[in-house]
Amino acid sequence: MSARSNKPHEIVEQALALSRADGCLVIADETSTANLRWAGNALTTNGVTRGRSLTVIATVDGQRGTASGVVSRSAVTADELEPLVRAAEAAARGAGPAEDARPLVTDVAAAPGFTDAPAETSSAVFADFAPALGDAFARARAGGRELYGFASHEMVSTYLGTSTGLRLRHDQPTGTLELNAKSPDRTRSAWAGRSTRDFKDVDPAALDAELAVRLDWAKRRVELPAGRYETLLPPTAVADLLIYQLWSASGRDAAEGRTVFSRPGGGTRIGERLSELPLTLRSDPDEPGLECAPFVIAHSSNGDRSVFDNGLAAPATDWIERGTLRNLTTTRHSAALTGLPVTPAADNLILDGGDRSLDEMVADTAHGLLLTCLWYIREVDPATLLLTGLTRDGVYLVEGGEVTGQVNNFRFNESPVDLLRRTTEAGRTEKTLPREWGDWFTRAAMPPLRVPDFNMSSVSQGV
């Protein structure tokens, strides 16, 4: 018999009952995915997949401290369940004391629906989107454009149970759409992406119209040298930069003097003003349209997460409040080491901006560049959070408040922390899909930013 024939909560309970460790945590993730792909204005593939993974975390108390053992497997059968639990226990007994060891979380109310069947997605999620996409194909053909791309919708139901009595459950929908428009000779390309919970707020016609305008801009080609340019960063590019900043905002690393958030001479930069604009960067599990798990789900321990914190509340947190650094990410362990508050990171990120649209910001630009997106972002220097990467799918020249052509791509060298300091305008915040990090982080809302001197360090021949 397959363990999948049982409900996820039953698998969790069975694994906990089998445990002989001093402590046990079990995470069951039930996943279903629906997708569409298209090329040359025609659907090519579609499909639906389902799967289950099970993570067992055993803790063993010893004279020198508590050790943990973590084992994760997919498609676990009933016969494999006990060996999986024993493997986690053996891993714990063979490990040294865990540095991040803390008492398992208790006194959290059971989540409603813990014993219910998992939520599932299906091709029905595209019921309205697919016909609208077909209409967009027809308009693109008539306009001499070719559309390529994919749409994916995933539903993950996570069941968390512990030997201390926690019974938590969270359903996480994640939808992404990426659309490329190309000229028939393939010399011009434009990209747009969207993040969505259910595809009810995605309009293929509007995206196709946006891409048609960008392809038209690209008919005029202008070659520019490397240098510093006034640059308008769209929300997707801002998201890619600030997501990496959040991933680099470890309170422990900062307190130990290893990051851009370390204060010279010791301590962290919490309380320091990072931007003259009243920008607030925050995470909130209840943010409308960007809802995420309100508690910690940690399948393994790292600098920012601890398996011992599973089930710990992840409340709304301001990372930067009106330009001032307020919080860095911590676990209970790293908070105790540094004296910082416990601030686990939620799985979304919002930068509150101003009132103007990107089009209005373009109209107020005498001479500058308008980016589409960034990719291949890599860290150069953690002490300053200097990043390098490439522009992609359209860098446009703005002259006299109008886009007048497409310029060559560039390699950039910039620190998101320093960009916030130099930013002179933030536009209207909107939901966006990060191009580089969209496989790992999709729930973001960002404004466009105006940077007076964005560093285009060299010319790139990429498209």
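This is a predicted model: local features need pLDDT of at least 70, side-chain atom pairs count only at pLDDT 80 or more; totals for chains, interfaces and linings use all residues.
**Entry 1: Asp171**

Which side chain meets that of Asp171 in a salt bridge? I looked it up: the partner is Arg169, at 2.8 Å from N to O. I noted the rule, too: a salt bridge is a side-chain nitrogen of Lys or Arg within 4 Å of a carboxyl oxygen of Asp or Glu. Side chains of opposite charge can pair when their charged atoms come close.

Residues are numbered from 1 along each chain as its sequence is written, and side-chain values use heavy atoms, with hydrogens and water left out.

Next I checked burial (buried is under 20% relative accessible area, exposed over 50%, partly exposed in between; 1.4 Å probe, protein chains only). Arg169 has 11%, so I call it buried. Asp171 has 28%, so I call it partly exposed.

**Entry 2: Glu30**

I found Glu30 in a salt bridge with Arg52, 2.5 Å from N to O. Glu30 is in strand β1 (residues 23–39) and Arg52 in strand β2 (residues 42–62), 22 residues apart. Strands (E, at least two residues) are DSSP runs, numbered from the N terminus.

**Entry 3: Glu425**

I then turned to Glu425, which pairs with Arg450 at 3.0 Å between the closest N and O atoms. Glu425 and Arg450 are both buried.

**Entry 4: The network and the count**

I traced one network of salt bridges that share partners: Arg228, Glu414, Asp418, Arg421, Arg422 and Asp453. My count by the rule is 41 salt bridges.

Note on methods
Helices (H or I, at least four residues) and strands (E, at least two) are DSSP runs, numbered from the N terminus.
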